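Visitor: I am new to protein structures and would like to learn how to read one. Could you take me through some features step by step?

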Amino acid sequence: MAVSSPTDAPPSAATEANTTFDFSAAAGPLPAPVIERIAAACHDWRGCGSALCLPFSGEACRELMRDTRARMCRVLAIPETHDVLFLQGGASAQFSLVPLNLLGQAALAAYLVTGHWSRRAMEEAGRYCEVRAVDWNDASGAEVPWFDARRVAYLHVTSNETANGLQLRELPRTSIPLAIDMTSDVLTRRVDWSSVGVAYAAMQKAIGVPGLTVVVIRRDLLGRARPAVPRVFDYAVQSANDSRVNTPPVFALIVTNAVLEWIEAAGGLSAMSTAVERRSRCVYRVLESCASAYLPVAPAAFRSRTSICFTLRRVADVARFFEAAKAHGISGLTGHADAGGCRAANYVGTSDAAIHRLCGLLSDFANRG
Ligand code: PMP
């Protein structure tokens, strides 16, 4: 099984053996070289003092934000037609802020419902406008109807459902702007920005720590916010003020900046996408080859590369499986509360060593019966 990666610093046998690898979906691991840099930055960041107390009003923080925006645009190939905002409130806040900022004169918004998070987004939008659910049929794939752009402001999709492991490899084609929740697969896939009205992602899974939400917004959609929207949550006001209407999450920006730098040095988006694909293939291959023990949750064409969800064929085995995981130095395999089963997150910072250990657990457990 090929699990070495050009993006991984080779772990020493001793360090690797003593490490517990955590696969929880809630927060992604940071690459080891980034953690080292951040640890040093807590004492001094670029000669400006501790990263923990960098004043947001100074030139150093302005430069940090400019540089992070520029790196994000380079890595994700975001064109000039779109702006990048650094906000707070997590992806959950965006469930409200997308309708509040984008509805304009339209009375309707459409939601492609693929699982837990898209349903949550739709329910929240239902507080502000009429919502039209677009059913997703796993047999036929996503058939998205043609919407009248004068009536329907956007079509919301969750590119990767973190809870049930369903990923839209191709985003739907439609005449209205897409609003995409990319929280659990941003920076692992290419995006065709010409179809995107807004894309958002909380950074704690892909490339950072909690506190920073990145919003990419098409500039011509700015300025539609309802009058009662707080200024800190008005995309146009934040855009006009370089995301500095209030104190930005400076430390979370420093971490994201360091991860983006690491991504660029490691070969950019295509290297991330290839590595995530390769690692997920390793895991699905073991799940498939041990089909009497495991069942992947999503249909093959929609299996997530970043949220690998599976169940055990025999429910009675579940407790023993988690015990075996512990013995292998693995934690965080419990599935989402709504979906149950097991789940292994495979984010940008997941190492090949972690996946190697996981594959060992899966085949050992299946073979010992
Ligand atoms: N969308 C998706 C796809 C998620 O996975 C999550 C968190 N698991 C959220 C939204 C909510 O993110 P937050 O906790 O940052 O609000």
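Visitor: How are α9 and α10 oriented to each other?

Guide: First, some ground rules: this is a predicted model, where local features need pLDDT of at least 70, side-chain atom pairs count only at pLDDT 80 or more, and totals for chains, interfaces and linings use all residues. Residues are numbered from 1 along each chain as its sequence is written, and side-chain values use heavy atoms, with hydrogens and water left out.

Guide: Now the general idea: two packed helices are described by the angle between their axes and the distance between the axes. Axes are lines fitted to C-alpha atoms, for helices over the stretch in contact, and angles run from 0 to 180 degrees between N-to-C directions. Helices (H or I, at least four residues) and strands (E, at least two) are DSSP runs, numbered from the N terminus. Here, helix α9 (residues 318–327) and helix α10 (residues 352–368) pack at about 135°, and their axes are 10 Å apart. α9 and α10 are therefore oblique to each other; angles under 35 degrees count as roughly parallel, over 145 as roughly antiparallel, 65 to 115 as roughly perpendicular and the rest as oblique.

Visitor: Which residues of α9 and α10 meet?

Guide: From α9, Arg320, Phe321, Ala324 and Ala325 meet Leu361, Leu362 and Phe365 of α10 (contact means heavy atoms within 4.5 Å). By class, the contact of α9 with α10 has six nonpolar, no polar and one charged residues. For these classes, Ala, Val, Leu, Ile, Met, Phe, Trp, Tyr, Cys and Pro count as nonpolar, Asp, Glu, Lys and Arg as charged, and the others, Gly among them, as polar.

Visitor: At what angle do α4 and α5 pack?

Guide: The angle between α4 and α5 is about 45°, with the axes 8 Å apart. α4 and α5 are therefore oblique to each other. Ser92, Phe95, Ser96 and Pro99 in α4 meet Trp117, Arg120, Ala121, Glu124 and Ala125 in α5. By class, that contact of α4 with α5 has five nonpolar, two polar and two charged residues.

Visitor: Which residues of α5 are buried?

Guide: In α5, His116, Ser118, Ala121, Met122 and Ala125 are buried (under 20% relative accessible area, with exposed over 50% and partly exposed in between, for a 1.4 Å probe and protein chains only). The buried residues of α5 pack against α4 (90–102), β3, β4 (130–135), β5 (152–158) and β6 (160–161).

Visitor: Is threonine 114 buried or exposed?

Guide: Threonine 114 is buried, at 6% relative accessible area. Threonine 114 sits in the loop between β3 (108–113) and α5 (116–125). Leaving aside residues up to four places away in sequence, threonine 114 touches Trp136, Thr158, Glu161, Asn164, Leu166 and Leu168.

Visitor: How many aromatic pairs does the structure hold?

Guide: Again the idea first: a pair of aromatic rings is described by the distance of the centres and the angle of the planes. Rings of Phe, Tyr and Trp (its six-membered ring) pair if their centres lie within 6.5 Å; planes under 30 degrees apart count as stacked, over 60 as edge-to-face and the rest as tilted. The structure holds eight aromatic pairs. In one of them, the rings of tyrosine 294 and phenylalanine 321 have centres 6.1 Å apart and planes at 65°, so the pair is edge-to-face. Tyrosine 294 lies in strand β11 (residues 294–296) and phenylalanine 321 in helix α9, so the pair ties together parts that are 27 residues apart in sequence. Tyrosine 294 and phenylalanine 321 are both buried.

Visitor: What is the arrangement of phenylalanine 321 and phenylalanine 365?

Guide: Their ring centres are 5.2 Å apart and their planes are at 75°, so the pair is edge-to-face. The pair links distant parts of the chain, with phenylalanine 321 in helix α9 and phenylalanine 365 in helix α10, 44 residues apart. Ring pairs also link Tyr294, Phe310, Phe321, Phe322 and Phe365 into a cluster.

Visitor: What is the phi of leucine 187 near?

Guide: Phi of leucine 187 is near 70°, a positive value in a residue other than glycine. Leucine 187 is in the loop between β8 (178–181) and β9 (196–202), and counts as buried at 0% relative accessibility.
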